[in-house]
Amino acid sequence: MRHRVSPSGTSSPNDEPIRRKAREKCEKRGNPMPKTCLAVDIGASSGRHILGWYEDGCLQTREVYRFPNGVTELDGHLTWDIDALLRHVMAGIDEALAVC
C-alpha cells in the first residue's frame, strides 16, 4: 500500500527548500541522501516494517512485513519474547531488502 503524505495534506512549494537543504547537508558530509529508509514499529499487539521514500515531492510508504506481538505471563510477571521479536525484526529486514 502506498500513501502520499505531507504536513498540510497537499504538496507545498515551501517543501523544496527544506529538501534541498537536507540534500546539501548530506552531500557536504560525503553521504548522499538515502533513497529508501526502513522503519520498524514494535507495538503492544503487533509489529511492522515500513519502507519510506520521496517520490514527486511526497513521502511514499509501503508496509513490507507484519508480525504478531504480545506479552506472556511467566512466574507471575508479564514478559516479552525477545527472541521472537529479534527473529521477526531480522525477517522483516530480509523482506525489505528483497523488495528494494
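This dialogue examines how several terms apply to a predicted model.

Trainee: Why is His49 called buried?

Mentor: The relative accessible area decides: under 20% is buried, over 50% exposed, and in between partly exposed (1.4 Å probe, protein chains only). His49 has 0% relative accessibility, and therefore counts as buried.

Trainee: What makes the approach of His49 to Val89 a polar contact?

Mentor: A polar atom of the His49 side chain lies 3.1 Å from the backbone oxygen of Val89. A polar contact is a pair of N or O atoms within 3.5 Å; within protein, one must be able to donate a hydrogen and the other to accept it, and residues adjacent in sequence count only if both atoms are side-chain atoms.

Trainee: Why is the pair of Tyr65 and Phe67 called tilted?

Mentor: A search of the whole structure finds one aromatic pair. The ring centres of Tyr65 and Phe67 are 6.0 Å apart and their planes stand at 35 degrees, so the pair is tilted. Rings of Phe, Tyr and Trp (its six-membered ring) pair if their centres lie within 6.5 Å; planes under 30 degrees apart count as stacked, over 60 as edge-to-face and the rest as tilted.

Trainee: What makes Arg48 and Asp41 a salt bridge?

Mentor: The term requires a side-chain nitrogen of Lys or Arg within 4 Å of a carboxyl oxygen of Asp or Glu. The closest N and O atoms of Arg48 and Asp41 are 3.1 Å apart, so the pair qualifies. The structure holds two salt bridges; in the one between Glu63 and Arg66, the closest N and O atoms are 3.0 Å apart.

Trainee: Why is Arg66 called partly exposed?

Mentor: Arg66 has a relative accessible area of 45%, which lies between the limits for buried and exposed, so the residue is partly exposed.

Trainee: How many disulfides does the structure hold?

Mentor: The structure holds zero disulfides, a disulfide being a pair of cysteine sulfur atoms within 2.5 Å. As for individual cysteines, Cys37 is partly exposed at 43%, whereas Cys58 is buried at 5%.

Methods
Residues are numbered from 1 along each chain as its sequence is written. This is a predicted model: local features need pLDDT of at least 70, side-chain atom pairs count only at pLDDT 80 or more; totals for chains, interfaces and linings use all residues. Side-chain values use heavy atoms; hydrogens and water are left out.
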